[in-house]
Amino acid sequence: MQLIDGKEVAAALRREIAAEVEKMVADGGRAPHLVAILVGNDGASQTYVGHKEKCCGEVGFRSTVLRLPEQTTEEELLAEIARLNADDLVDGFIVQLPLPRHISEQRVIEAIDPRKDVDGFHPVNTGRMISSLPSYLPATPDGILSLLRYYRIETAGKHCVVIGRSNIVGRPMANLLSQKGWDCTVTITHSRTRNLKEVVASADIVIAALGKAEFVTADMVKPGAVVIDVGITRVPSDKTKSGWKLLGDVKFDEVAPKCSFITPVPGGVGPMTIISLMKNTLKAARREIYG
Ligand code: NAD
């Protein structure tokens, strides 16, 4: 069994991006500029935005965080988005999800100019992705593809089972792995899937993205399978200073010995997600997708 080290891959890609930014600036260009809008006081969202800000600093990007109060109206947020859409000094921006309940996430996503939609959630980018056209790929699936590429994991003709069908992870992941170049035979499963255990046990590659701690057990995994664990669930722990720890969707200790490759949680998919956001921002600054 080989452990897939997301931290190591993320560090290698971070160095590549930093070198490219350095060159852009040395050639007289300006550093890519990423803006994150954070509405309200959600603890996890604040942590994620903090990580993104830190990573921007590490690769030499300019980053701005717009912190808006919980009571911000949808109209006010849409006005902020319109302002960022029109600002030539902003290459890409994200609106950190989830949003407060009184704001429609879909309306917000659709208000972002697809050329600046570095999260890749706008239907124009989703549609382009499904059509295999250049687009900003959603960060988590793209991060997983980078891991598969880095470890030279063979995907052609393999049966990949994706557990979970969310717009940001499961569905785009299934679509991308079915495309030319990756060439998997993909089964997408969800909470209404029958015989899930048997379906997962037939997989050469399992992508677990359902958000249920330690759901995937050893009896669900074929010997030699590749297991990618996307899940992140915080559970109380008396062994850590913080009083909690992170668990993935895979029961790591019993599944790992059966696998050819497996990602740990933390330190697997997580670090890759931010790097993919950086990759998209660099593409936005270079006007690579839309000219
Ligand atoms: P989501 O809640 O939007 O979707 C979960 C999906 O799992 C749904 O499609 C649902 O049908 C499916 N599901 C639920 N219970 C199931 C069951 N018993 N059997 C089969 N399918 C079931 O979640 P999401 O946003 O896709 O995130 C999934 C997990 O990945 C969460 O733990 C989240 O925190 C984590 N996540 C991690 C990263 C990262 O960077 N590592 C990024 C995004 C999400």
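Where is arginine 287 found? I located arginine 287 in the segment after α10. I took helices (H or I, at least four residues) and strands (E, at least two) as DSSP runs, numbered from the N terminus.

**Entry 1. Basis**

I worked on a predicted model, in which local features need pLDDT of at least 70 and side-chain atom pairs count only at pLDDT 80 or more, while totals for chains, interfaces and linings use all residues. Residues are numbered from 1 along each chain as its sequence is written, and side-chain values use heavy atoms, with hydrogens and water left out.

**Entry 2. Backbone angles**

I looked up phi for arginine 287 and found a value near 50 degrees, positive in a residue other than glycine. Arginine 287 is partly exposed, because its relative accessible area is 40%. I used these cut-offs: buried is under 20% relative accessible area, exposed is over 50%, and partly exposed is in between, with a 1.4 Å probe and protein chains only.

Asparagine 195 also has a positive phi, near 50 degrees, and is a residue other than glycine. I placed asparagine 195 in the loop between β6 (185-189) and α8 (196-201). Asparagine 195 counts as exposed, because its relative accessibility is 54%.

I then checked the peptide bonds. The bond from leucine 97 to proline 98 is cis, with omega near 0 degrees. Proline 98 lies in the loop between β4 (92-95) and α4 (105-111) and is partly exposed, with a relative accessible area of 49%. From proline 98 to glycine 40 I noted 9.7 Å, C-alpha to C-alpha, for two residues 58 apart in sequence. A cis peptide bond also joins valine 265 and proline 266, with omega about 0 degrees. Proline 266 is in the loop between β11 (261-262) and α10 (270-285).

I recorded these sites because most residues other than glycine have a negative phi, and most peptide bonds are trans.

**Entry 3. The sheet**

In what order do the six strands of the open sheet stand? I read the order as β1-β11-β8-β7-β5-β6, with parallel pairing. The edge strands are β1 (2-3) and β6, each of which pairs on one side only. For pairing I required that DSSP find at least two bridges between two strands.

Five bridges join β5 to β6, and the two run parallel; isoleucine 163 stands opposite threonine 189 in β6. Strand β5 (residues 159-163) is joined to β7 by four bridges, again in parallel, and valine 162 stands opposite isoleucine 207 in β7. Strand β7 is in turn joined to β8 (residues 226-229) by four bridges, and these run parallel. Here isoleucine 207 stands opposite isoleucine 228 in β8.

Which way do the side chains of β7 point? Along β7 (residues 205-208), Ile205 and Ile207 point one way and Val206 and Ala208 the other way, and all are buried.

**Entry 4. The ligand**

Which residues come nearest to the ligand? Of the 21 residues around the ligand, I listed Arg165, Ser166, Lys212, Ile232 and Thr273 as nearest. A residue was taken as near if one of its heavy atoms lies within 4 Å.

I then looked up polar contacts, that is, pairs of N or O atoms within 3.5 Å; within protein, one must be able to donate a hydrogen and the other to accept it, and residues adjacent in sequence count only if both atoms are side-chain atoms. A polar side-chain atom of serine 166 lies 2.5 Å from an oxygen atom of the ligand. A backbone N or O atom of serine 191 is 3.2 Å from a ligand oxygen atom. For valine 230, a backbone N or O atom lies 3.4 Å from a nitrogen atom of the ligand. The ligand taken alone exposes 860 Å², and the protein buries 73% of that. These areas come from the Shrake-Rupley method with a 1.4 Å probe.

**Entry 5. Two buried loop residues**

I placed threonine 155 in the loop between α6 (139-150) and β5. Threonine 155 counts as buried, because its relative accessibility is 5%. Its side chain reaches the backbone oxygen of tryptophan 182 at 2.7 Å.

Leucine 137 lies in the loop between α5 (123-130) and α6. Leucine 137 is buried, with a relative accessible area of 18%. I noted 8.4 Å between the C-alpha atoms of leucine 137 and proline 172, which are 35 residues apart along the chain.
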